[in-house]
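User: Please take me through the structure shown below, one question at a time.

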Amino acid sequence: MPRPDSLSLREARRVAIAAQGFPNSAPNGAPNVAAGATPDADPVEARHARRLIGRLGLVQIDSVNVLVRSHYLPLFSRLGPYEAALLDRLAYGGKRRALFEYWGHEASLIPVEQQPLFRWRMARAERGEGTYGELARFAAERRPYIDAVLAEVAARGPMGASELSEAGRGAGGWWGWSDGKRALEHLFWAGLVTTAGRRGFERLYDLPERVLPAAILDAPTPEEAEAQRALLRIAARAHGVATERDLRDYHRLDLADARLRIAELVEAGELLPVTVEGWDRTAYVTPDLRIPRKAPARALLSPFDSLIWERQRTERLFGARIRLEIYTPAHKREHGYYVLPFLMDERIAARVDLKSDRKAATLLVQAAHAEPHASVDAVAPPLAVELRRLAGWLGLERVTVAGAGDLAPALAGALRLDGV
């Protein structure tokens, strides 16, 4: 079958949704529309999670816990209810762990097999390149102190920044980071320490040789250009169809590096240029492109989900202008504080501002808005089902619509009919 050199917008959406593990990633092979909804659904196991994260390439970590921390949500969205501790075991379960923490797309959980692909970034960071400017200046000015911190981790790790014998003073403009935290973060970026585990959400640092599998550490280090090409291959498969900006954003590659590597992949026939209806720039696909006939996923998406984290791409694909409003003053928020888009039948159909009221065992819908193209009567019933599944996974007993929005009345009615 000849490869198309152009895609309709609908085809591009289907390709993108399927590339991100929707809608057929549930363990029992059923679409994720029904994952976890029946008593005989197969349980999610480590192999299912590993396969999915391998497909995505990485999962972004975020600390906000008003609902559940973001990195737990992508697996739920695609696989259905699962034991959250499973992800912790994959990330922090001793030397047999399957994931490690590093700067991928922001702080991320990444398959350990990819660790060699980031060594060029670690080497740059050790030289003070590619990191936050203030962190690079700190590293240049405080080298003896950083060396002492590394020696203390080697002697005492795993340990948190607060446990350093000379933690130093905090700095208000730096998220309250102490000098010790700055030193540890520089060492983390440089790959000289890594995350051994978490205490609550506090990162515990240790030497890579005490954390990562020996086979990974012993693997050869690719040339910088080859590692970047490998990361772009991962990004291309995870996107399905993507522009240059989309591809480089997935692992936050520099513009100059990404542009060179993409050109090399195109020349080698590993990336193929296509046009997409309504897009004003060239997109790229892999030679084995398959266009699904449909992609009827229904899922609540973390605001940091890899399907939507590049906001311009989300707007191009779905016509939805997604903005993170956590840091927006309350009176200026349009959709709420912690807003999850609702993916339904190949479109973003609604957005809900959610909060886990753990004391009351209630999932609070603090606002619910339908997208302009969506009918509230069509969206409310399937959204009610997804909210019920989410509440059950989080160990909450009920769902309550506690806020406003054009979708709120219909959603409250659907939840009553659904028996929640």
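User: What volume does the second largest cavity have?
Analyst: The model is a predicted one, in which local features need pLDDT of at least 70, side-chain atom pairs count only at pLDDT 80 or more, and totals for chains, interfaces and linings use all residues. Residues are numbered from 1 along each chain as its sequence is written, and side-chain values use heavy atoms, with hydrogens and water left out. On a 1 Å grid over the protein atoms alone, a cavity is a set of points where a 1.4 Å probe fits but cannot get out, and lining residues have an atom within 4 Å of a point. With points joined across faces, edges and corners, and volume taken as the space filled by probe spheres set on them, the second largest cavity has a volume of about 70 Å³.

User: Which element gives the largest share of the lining of the second largest cavity?
Analyst: The second largest cavity is lined by residues including Phe-100, Glu-101, Tyr-102, Met-122 and Phe-188. This lining divides into seven nonpolar (Ala, Val, Leu, Ile, Met, Phe, Trp, Tyr, Cys, Pro), three polar (the others, Gly among them) and one charged (Asp, Glu, Lys, Arg). Strands are DSSP runs of E with at least two residues, helices are runs of H or I with at least four, and both are numbered from the N terminus. The largest share of the lining, three residues, comes from β3.

User: How much space lies in the largest cavity?
Analyst: Two cavities of 30 Å³ or more are counted. The largest cavity has 13 lining residues, of which Pro-303, Ile-322, Arg-323, Leu-324 and Val-339 lie nearest its centre. Its lining is made up of seven nonpolar, two polar and four charged residues. The space in the largest cavity is about 110 Å³.

User: Which element gives the most to the lining of the largest pocket?
Analyst: A pocket is an open set of points with protein on both sides within 12 Å along at least five of seven lines, and the largest pocket holds about 900 Å³. Of its 29 lining residues, Asp-62, Ser-63, Trp-103, Ala-107 and Phe-201 lie nearest the centre, and the lining divides into 15 nonpolar, five polar and nine charged. At least two residues each come from β4 (106-111), α8 and β6 (202-206). The element that gives the most, with three residues, is β6.

User: Which element supplies the largest share of the lining of the second largest pocket?
Analyst: About 300 Å³ of space lies in the second largest pocket. Arg-121, Gly-130, Trp-189, Arg-252 and Asp-254 lie nearest its centre, among 14 lining residues. Two or more lining residues are given by β3 (99-104) and by α5 (119-126). The largest share, three residues, comes from α5.

User: At roughly what angle do the axes of helix α6 and helix α8 cross?
Analyst: Axes are lines fitted to C-alpha atoms, for helices over the stretch in contact, with angles from 0 to 180 degrees between N-to-C directions. The axes of α6 (residues 133-141) and α8 (residues 179-189) come within 10 Å, and they cross at roughly 100°.

User: Is Ala-161 buried or exposed?
Analyst: Ala-161 lies in the loop between α7 (143-156) and α8. Beyond its neighbours within four places in sequence, Ala-161 is in contact with Ala-167, Lys-181, Leu-184, Glu-202 and Tyr-205. Its relative accessible area is 11%, and buried means under 20%, exposed over 50% and partly exposed in between (1.4 Å probe, protein chains only); therefore Ala-161 is buried.

User: What is the peptide bond from Gly-157 to Pro-158, cis or trans?
Analyst: Most peptide bonds are trans. Pro-158 is found in the loop between α7 and α8. With omega near 5°, the bond from Gly-157 to Pro-158 is cis.

User: What is the phi of Glu-106?
Analyst: Glu-106 is found in strand β4 and counts as partly exposed, at 29% relative accessibility. Although Glu-106 is not a glycine, its phi is positive, at about 55°.

Note on methods:
Contact = heavy atoms within 4.5 Å.
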